[in-house]
Amino acid sequence: MSEMKKIKNLKEFSTSADRFEGANLLCPGCAHSIIVREVLNATNDDLVLSASTGCLEVCTAVYPYTSWDASWIHIGFENGSTAVAGAEAMYNALKNKGRLKQPDRNPKFVSFAGDGASYDIGFQWISGCMERGHNIMHVVLDNEVYANTGGQRSSSTPIGSSATTSPAGRVSYGEKKNKKDMVAIMASHGIPYSAQVAPNKWKDMVKKIQHGMAVDGPVFINAVSPCTTEWKFDPKDTMMLTDLSTDSLVFPLYEIIDGHELNITYRPKNVVPVEEYLAAQGRFKHLFKDEYKYLIKEWQERVDANWAYLNRREEARV
Amino acid sequence: MAFDKMELRDIEVWDGNFAAAQALRQCQIDVVAAYPITPSTPIVEGYAKFLADNYVEGEFVMVESEHAAMSGCIGAAAAGGRVATATSSQGFALMVETLYQASGMRLPIVLNVVNRALAAPLNVNGDHSDMYLGRDSGWIQFDSYCPQDAYDLNFIAFRVAEDHDVRLPCMVHQDGFMTSHTAQGVHTMDDDTAYSFVGDFKPMNDMLDFEHPVTHGVQTEEDWHFEHKARQHNDLMTKVMPKIQAAFDDFKTLTGREYNIVERYDMDDADVCVVCMGTSVETAREVALEMRAKGIKAGVVGIRVVRPFPFFEIQEALKDVKAIAALDRSAPGGAPGMLFNEIAGCLFNTDTKALLSGYIYGLGGRDLTKKHLVDLFTELQANVDAGKVLTPLQQFIGVRGPKLQFL
């Protein structure tokens, strides 16, 4: 039987033993480590983990050190999902053959990858894993940029953001394309569970991770991960930024069950204007020039429309 | 064990693909992650069918690309079990990134490579371009000349790869279509005998041992990367050949079939010889005998282990011969062929005065005919008689148009 952790409050959470060590090389204020701890803390079961190449990987497994007190593998940039899918296949094979060393365990197979490794270069691998029905969970640490290589745009980078390959300049407002809706794409595979989470709403996150670990089949989780370096905010403000992202509804928190049944899981009491979210980050600084202010208005309209869409989906129960 | 044994005749009529598939069944592979490509597809189709008919117990993961196939194999092997797959050509090329990762992570995967040309132009037929593409990847590479070899060498490959002193992945090569789709008599082992040769898989650093968590695939920069690569090379250079020889010896004891790191045919008193791989070895052997009837003392050297390259075995095999032709079945891309270069490297600084010339042949499935080899041996004898190489060092044979030769 699966063993899910019961954590009552934040104090208990912060002192709970975990299998991801604080000794790592991630930037001060990076949300990745907070998300990873919250995911791993959702279960007492054994773990088989992977990380695709990216910030998390290069900061937690530099020989001869490791930050992982659990089985962990990194192969390359694009194939972290398939790495745990292969391990899951081996688990099934050895289970059927009666060759597991610890047959009473109930391991969870989780791959972590950035948005570059998920939305772009690893897209096909993740799609394959979702379609084939592996009993794995793929968690995107979505900081909307190739942070590990220094801030290039990915297909998760939102419109108007200044990235190093789509920089704002005298005649450009930066990224021209809208962010790809990865949760919808993954849900369209008909997988049992997909969700968007944020580290500030840790109870919501833990609940979703536990739901995902309990279902039989592939699970896709998109976690907003504010990046102090590339979003350009003070490292002490990570949680404030995360609050702004969820409360402005730029990152609405919801889940999709069996590929179609959508539930909104967090409704901010006071919805914050998108402008406040944008104003808190250096990557959107140029949008506040007179000639680009129309983009802020468009941002708000887009977020409102998406929120209305999610509400209609939830009401429709289809 | 829940699966059924299969009754085999002592000699079955199998093509190379089916021979390899039968070997995978008898080795009881735990996980095959695979993607179809001509001409290797029937190997993994065979495994899938054996699974469907309960002749093997394991997991077949039909993934969405060859890159994912090897990625899944790496995850499965790191989890701790026996893993194999098969590919060819473009699929092999797509896998290349993960080939280096598999060997660097010291995972004992067996990859059957049914050799095929690399595009462009697109071509499904056999040459050794894919084999050559893998030669710096840190894998052990075995070469088959016929379906019997494709069957036998799979057992050898698992034995060597999974040895805890080796822990390196192995490729078993066979020629696309000429071996893979040509049915011949194959001497078989019964299921129990075959399995006993490879034995139970003995996991090491397995991710599914939760009492001993391991971190696979770390990062090393200028401080440690070189040491890791050096150690891998050291093991390839010093540990692998003795293990291969021991496996060949044990296999001969078990089956009576003899394999050698370098195969020598009519080499004891040979004046001239060709060094080649794949199905060309058998053609060359036949022509060498015919040349002997004409008074030319011809011999053939077949490369059985491509990587690690059999440096000393080649020196030994070629020490008394007077003229050597290195036959390379891969477009050399602006250089002498691989075999030419490796053989030249082996013989340099030795006392041999042998004359070495190189031939590029058979690209994209072009036949190497007996006539080609008769002309070639005749050319080698002329070199011996003249005491020097009379031709350019690199000649293309069997290609249309004016004679193509370089160097």
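User: What radius of gyration does chain B have, against that of a compact globule with 407 residues?
Analyst: In this predicted model, the rule for a compact globule with 407 residues gives a radius of gyration near 22 Å, and the value for chain B agrees with it. Along its principal axes the C-alpha trace spans about 70 × 55 × 45 Å, and buried residues make up 55% of the chain. The radius of gyration of chain B is 21 Å.

User: Which strands stand at the edges of the seven-stranded open sheet of chain B?
Analyst: The sheet has the order E3-E2-E4-E5-E7-E6-E13, with mixed pairing. A strand at the edge has a single partner strand, so one side of it is left without a neighbour in the sheet. The edge strands of chain B are E3 (59-62) and E13 (305-307).

User: Which residue of E13(B) is the bridge partner of B:Gln141?
Analyst: Strand E6 (residues 140-143) of chain B pairs with E13(B) over two bridges, in the antiparallel sense. The E13(B) partner of B:Gln141 is B:Arg307.

User: Which strands and which helix of chain B do the buried residues of H13(B) pack against?
Analyst: The buried residues of H13(B) are B:His372, B:Leu373, B:Leu376, B:Phe377, B:Leu380, B:Gln381 and B:Asn383. An α-helix has 3.6 residues a turn, so residues three or four places apart point the same way. The buried residues of H13(B) pack against strands E11 (272-276), E12 (298-303), E14 (323-328), E15 (355-361) and E16 (394-397), and helix H10 (280-293).

User: Which element gives the largest share of the side of chain B that touches chain A?
Analyst: The contact takes 39 residues from chain B and 40 residues from chain A. On the chain B side, the elements that give two or more residues are E2, E3, H3, helix H4 (89-104) and strand E9 (215-216). The largest share, ten residues, comes from H3(B).

User: Which residue of E9(B) is the bridge partner of A:Trp72?
Analyst: Strand E2 (residues 71-73) of chain A and E9(B) run parallel, joined by two bridges. The E9(B) partner of A:Trp72 is B:Thr215.

Methods
Residues are numbered from 1 along each chain as its sequence is written. Chains are lettered from A and ligands numbered from 1 in the order in which they are written. This is a predicted model: local features need pLDDT of at least 70, side-chain atom pairs count only at pLDDT 80 or more; totals for chains, interfaces and linings use all residues. A residue is buried if 20 or more other C-beta atoms lie within 10 Å of its own, exposed if 12 or fewer, and partly exposed in between; C-beta atoms are placed from the backbone. Helices (H or I, at least four residues) and strands (E, at least two) are DSSP runs, numbered from the N terminus. Two residues are in contact if their C-beta atoms, placed from the backbone, lie within 7 Å. Two strands pair if DSSP finds at least two bridges between them. The radius of gyration is taken over C-alpha atoms; the globule rule is 2.2 Å times the number of residues to the power 0.38.
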